[in-house]
Amino acid sequence: MRAGTLTLVFGLLWLTAFSPLHCEPKGPLPEEKLLVLTVATKETDGFKRFMRSAQHFNYTVKVLGRGEKWNGGDYMTAPGGGQKVRLLKSALADIKEKDKIILFIDSYDVVFSSGPKELLKKFQQAKHKVVFSAETLIWPDRHLEDKHPHVREGKRFLGAGGFIGYVPNLKEMVSDWSGEDDDSDQLFYTKVYINPAKRKSINITLDSKCRLFQNLHGALDEVVLKFEDGRVRARNVLYDTLPVIVHGNGPTKLQINYLGNYIPNVWTFETGCTVCSEDLRSFSTLKESEFPVVVIGIFIQQPTPFVSAFFERLVNLKYPKNRLNLFIYNQEPHHDKHIRSFLESHEADYKVVKLIGPDEGVDVITSRNIGFDMCRDDIDCEYFFSVDVEVVLKNEDTLKILIELNKPFVAPMMTKPGRLWTNFWGALSADGYYARSEDYVDIVQARRVGIWNVPYVSQVYLLRADVLRSELKDSDLFNSATLDPDMAFCSRVRDQGVFMFVTNMHSFGRVLNTENYQTNHLHNDLWQIFENPVDWEERYIHENYSQILNGNIVENPCPDVYWFPIFTERTCTHLVEEMEHFGQWSGGGNTDTRIQGGYENVPTIDIHMNQVNFEKEWQKFLLDYIAPVTEKMFPGYFTRALFDLAFVVRYRPDEQPSLRPHHDASTFTINIALNQVGIDYQGGGCRFLRYNCSIRAPRKGWALMHPGRLTHYHEGLPTTSGTRYIAVSFVDP
């Protein structure tokens, strides 16, 4: 009897030891035995990222819950996720192979960083039949902390977002599930794990050192990117491990988005961006009549420089205008004239134009919502292109480039010259404001080029209309009690699982500085040489200026007299109109209270630059654009570009037609023609008496530069009809 009992006992022990629940296969686990199960009721950007990483490593993935409504809650509210357990239990019931290994993992916030071979090897090394991811923080019931088994090293608490195990063991684990879809899967699995009998029977352990799974919640300081041999991994520096799966659980979605810009090979130092040419929407086979219809939303919220230039660039966008609808919101009366001028010339070119002006009392937030609705309500609208008026779109292909990228939400990277400022943030601080990501500077300076998933963009972006009609259908996306409208908008976009991408694959343009922009002049942009020097130069400096320093464009009509282009026609026109608008021309007499001593030996009818508060800007112009020419034309002389007098002179036959011979009180003089001989006036010019050399046809926007004292005695030749204007500077008195 005793021998029979012993035989029975040993038999049971043998069965237990070598049953599918506990037996340990010899040799590597076959990759074909692995099946990845995940739940995704809709294909979000996060899901697409997950699937791309899975396909990169040739994982076999089965997606559960397609077409179902999600009833399992979300990470921002009370615990949920029971729907995942229900779907898993149902799927396991259909799997008959007892040696099948299931990896059950979240997908919206997960990326694979390595393949099935490594995953199965590490699973096998765990020497358990079910391995759960591990966390530093316990959730959702802190009262269960003491019931968790202690670990020798590593994380102690179970994470439900990822686990791997044999089918029979997993079936046993979920066999008791009878909860609701919004019950907590985390709590359910935790109670199984902290039950000693169930833990032993199912043979569960935790991946305490993050060899298989890396949960980011509570572990951000542990994880760094590891670049090696054309691929990228996450490395846990605390345990010196390379997790196979990275999970942005809980409030770490921004961190998984950052890591997902690289892992597993999205961007590497060897290859650059590997996904930037994937899934593009090509225009090559489309007729212009087939181009997507786009609503362009233009928003003017404050006095802004170069608004006329903005509309000129809008007209020059390489996109058929009959496929564009315009929504223009203007809160600033000063810019009514700029909009009116644009519409008078171009409104008929566009399919639809809707304008909301400052008199209509529409606030900024409402205007954004109205713009979105204009696209939502038009069944033909496929994209909404939002552009604030301070955006300088230099790339005429910007709209086509963004559409071709085929993203739900994408922005062109814009900078401010000479600064690390851009229209995107690489990271957020704890209170939702700006923080600098590790790769921010490299992206801004184009050392890393690609398409980047970022937490915040502003001022210019392209948004797909189907996203506006679904995930972003809320009628008020910009309102918040604590956040600025743009921050509130980006927060809502992130909460809906829509990725915001920014691309720096092309040079798109820049953003203007709007600080200190005054509107008390006729042509206020003339005063922008300090705040927006690049735009000022493009607007006001002659396009051939660079050839003065690098080419042979400078003419030498008289000894030591140099003639070169300096201003655009627009500059000349604006200066003349500004002076006439000011209107306080001098009388042309010798008594002049504007100058030191009050006496002018060679008077002209003029307005001084300091009378219109333009002396600092003129000084900057002389220093940046005249001084380099001076130093080239007069070798060895280095000017300080200081002026005693700078003014605009007006010559008229019935007022002051000419100027008697004289020397200038300067080391050298700059004389710029502000209008055109033969069109605006007849006659005029300058004669240098010592050389009997005259310049009778000064070109508009061209400057004469000549010595002022001793050698270049000169006179102003008579203007016989019309009005002649010149800008004169006595430099280095």
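Close-up 1. The C-alpha atoms of D279 and N406 are 6.9 Å apart, although 127 residues separate the two along the chain. D279 sits in the loop between β13 (272-273) and β14 (293-300); strands (E, at least two residues) and helices (H or I, at least four) are DSSP runs numbered from the N terminus. With a relative accessible area of 59%, D279 is exposed; the cut-offs are over 50% for exposed, under 20% for buried and partly exposed in between, using a 1.4 Å probe and protein chains only.

A quick note for all views: this is a predicted model, where local features need pLDDT of at least 70 and side-chain atom pairs count only at pLDDT 80 or more, while totals for chains, interfaces and linings use all residues. Residues are numbered from 1 along each chain as its sequence is written, and side-chain values use heavy atoms, with hydrogens and water left out.

**Close-up 2. Helix α4 and what covers it.** In α4 (residues 116-125), the buried residues are P116, L119, L120, K122, F123 and Q124. Their cover includes strands β1 (34-39), β3 (101-105), β5 (130-135), β6 (157-166), β10 (231-236) and β11 (245-247). After the helix comes K127, with a positive phi near 60°.

**Close-up 3. The F409 and F489 ring pair.** The structure holds 49 aromatic pairs; rings of Phe, Tyr and Trp (its six-membered ring) pair if their centres lie within 6.5 Å, and planes under 30 degrees apart count as stacked, over 60 as edge-to-face and the rest as tilted. For F409 and F489 the centres are 6.1 Å apart and the planes meet at 35°, so this pair is tilted. F409 belongs to strand β19 (residues 409-412) and F489 to helix α15 (residues 485-495), so the pair ties together parts 80 residues apart in sequence. Both F409 and F489 are buried.

**Close-up 4. An aromatic cluster and two charges over rings.** One aromatic cluster is made up of W527, W536, Y540, Y545, F567, F614, W618, F621 and Y625. Elsewhere, the charged end of R199 sits over the ring of Y193, 5.4 Å from its centre, and that of K407 sits over the ring of F501 at 4.8 Å from its centre. The rule here is NZ of Lys or CZ of Arg within 6 Å of the ring centre and within 35 degrees of the ring normal.

**Close-up 5. The largest cavity.** On a 1 Å grid over the protein atoms alone, a cavity is a set of points where a 1.4 Å probe fits but cannot get out; a pocket is an open set with protein on both sides within 12 Å along at least five of seven lines, and lining residues have an atom within 4 Å of a point. There are six cavities of 30 Å³ or more, and the largest holds about 70 Å³. I296, F310, R313, L314, L317, F385, V387 and L393 line this largest cavity, and α9 gives the most, three residues.

**Close-up 6. The second largest pocket.** The second largest pocket has a volume of about 740 Å³, meaning the space filled by probe spheres set on grid points joined across faces, edges and corners. Of its 43 lining residues, E600, V602, L645, F647 and F730 are closest to the centre. Strand β31 gives the largest share of the lining, seven residues.

Definitions and conventions. Contact means heavy atoms within 4.5 Å.
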